[in-house]
Amino acid sequence: MARRQLIAGNWKMFKTVSEAVSFVTELRDAVASIKDCDFAVAPPYLAIHAVAQKLAGSNIGVSAQEMFYEDQGAFTGCISGPMIKEAGCTYTLIAHSERRQYFGETNESSNKRLQATLRAGLVPILCVGETLEQREAGKTNEIVKKQLEGALAGFAVADLAKLIIAYEPVWAIGTGKVATPIQAQEAHAFIRSLLRTKDTAWADTVRILYGGSVKPDNAAELLGQPDIDGGLVGGASLKVDSFVGIAKGRKS
Ligand code: PEP
């Protein structure tokens, strides 16, 4: 079945508010004519509101990079779903590998975040992926299965209608090492086969993004794979030219 592609830029801890606003002012015009694809940017929290205002009415949605699983309370330093929703987010990333690596995100806490995302009416982009060590030990499928089963435990398919998954092999994130289209397609097909065990029709609608050193010159091959429905892009989403190059490159 045809799934609409999504190109989402994860800015990580880059761009001040003013840099973010001038960037999206340019990006908005640059992708305005591309109608067959969805776009999103995930700025740092401080820039979300200003970026969302600038992008109102455009074809670029706004995502948070992370959110806490409680809606409010004494959780110093945390930001909740209702807060990012009101600030203008449509999406949020959940369990990006940098959150797993540096901030203690687990499969269990990503499950709680997923519940909070749905409570807030946000679209979750759930990140999964193996480290190099795990891949070399032949454990890619085992790890991805554990991450997915942990995050999705207890949810009914009806709750997950909007779920987006990002397969991001950790060894390809920010390293310039990219999964081959065959490796990426295999992992995506495996993820979809896991989703099919819950519900076949739903599994065919879930968008699975690839992330890991996507660039304009590899976008066409990667994003052209049958089970790859767009990209979650870090470094190359920080420049308008390369973001647009990926959006256009995927078609060539
Ligand atoms: C990411 O941050 O999710 C990512 C995939 O980064 P990069 O494109 O830089 O590898």
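**Terms and values**

Guide: Let us begin with the rings: F68, Y69 and F75 are linked into a cluster by ring pairs. The model is a predicted one, in which local features need pLDDT of at least 70, side-chain atom pairs count only at pLDDT 80 or more, and totals for chains, interfaces and linings use all residues. Residues are numbered from 1 along each chain as its sequence is written, and side-chain values use heavy atoms, with hydrogens and water left out.

Visitor: What makes two rings an aromatic pair?

Guide: Rings of Phe, Tyr and Trp (for Trp, its six-membered ring) pair if their centres lie within 6.5 Å; planes under 30 degrees apart count as stacked, over 60 as edge-to-face and the rest as tilted. By this rule there are six aromatic pairs. In one of them, F68 and F75 have their ring centres 5.0 Å apart and their planes at 50°, so the pair is called tilted.

Visitor: Why is F68 called buried, and why is F75 called partly exposed?

Guide: Buried means under 20% relative accessible area, exposed means over 50%, and partly exposed lies in between (1.4 Å probe, protein chains only). F68 has 13%, and is therefore buried. F75 has 34%, and so counts as partly exposed.

Visitor: How much of the chain is buried?

Guide: Of the 252 residues in the chain, 53% are buried. The chain exposes about 11200 Å², of which carbon and sulfur atoms supply 54%; such areas come from the Shrake-Rupley method with a 1.4 Å probe, and for residues only the protein chains shown count as cover.

Visitor: How do you know whether the radius of gyration agrees with that of a compact globule?

Guide: The radius is taken over C-alpha atoms, and the globule rule is 2.2 Å times the number of residues to the power 0.38. For 252 residues a compact globule would have a radius near 18 Å; the chain has 17 Å, and therefore agrees. Along its principal axes, the C-alpha trace spans about 50 × 45 × 35 Å.

Visitor: What share of the contacts joins residues 24 or more positions apart?

Guide: Contact means heavy atoms within 4.5 Å. Among contacts in the chain with a separation of 6 or more, residues 24 or more positions apart account for 72%.

Visitor: How many helices and strands does the chain have?

Guide: Helices (H or I, at least four residues) and strands (E, at least two) are DSSP runs, numbered from the N terminus. The chain has 11 helices and eight strands.

Visitor: What makes helix α11 mostly covered?

Guide: Seven of the 10 residues of α11 (residues 240–249) are buried. These buried residues are V240, S242, F243, V244, I246, A247 and G249. Their cover includes β1 (5–10), α1 (17–31), β2 (37–42), α10 and β8 (230–233).

Visitor: Why is K112 called partly exposed, and why L118?

Guide: K112 lies in helix α5 (residues 107–119); its relative accessible area is 40%, so the residue is partly exposed. L118 is also placed in α5, and its value of 27% therefore makes L118 partly exposed. Leaving out residues up to four places away in sequence, L118 touches P124, F155, D159 and L160.

Visitor: Why is G129 called buried, and what does G129 touch?

Guide: G129 sits in the loop between β5 (123–128) and α6 (132–136). Its relative accessible area is 7%, and so G129 is buried. Apart from neighbours within four places in sequence, G129 is in contact with I143, V144, Q147, Y167, E168, P169 and V170.

Visitor: Are A95 and S213 buried or exposed?

Guide: A95 has a relative accessible area of 1%, and is therefore buried. S213, at 11%, also counts as buried.
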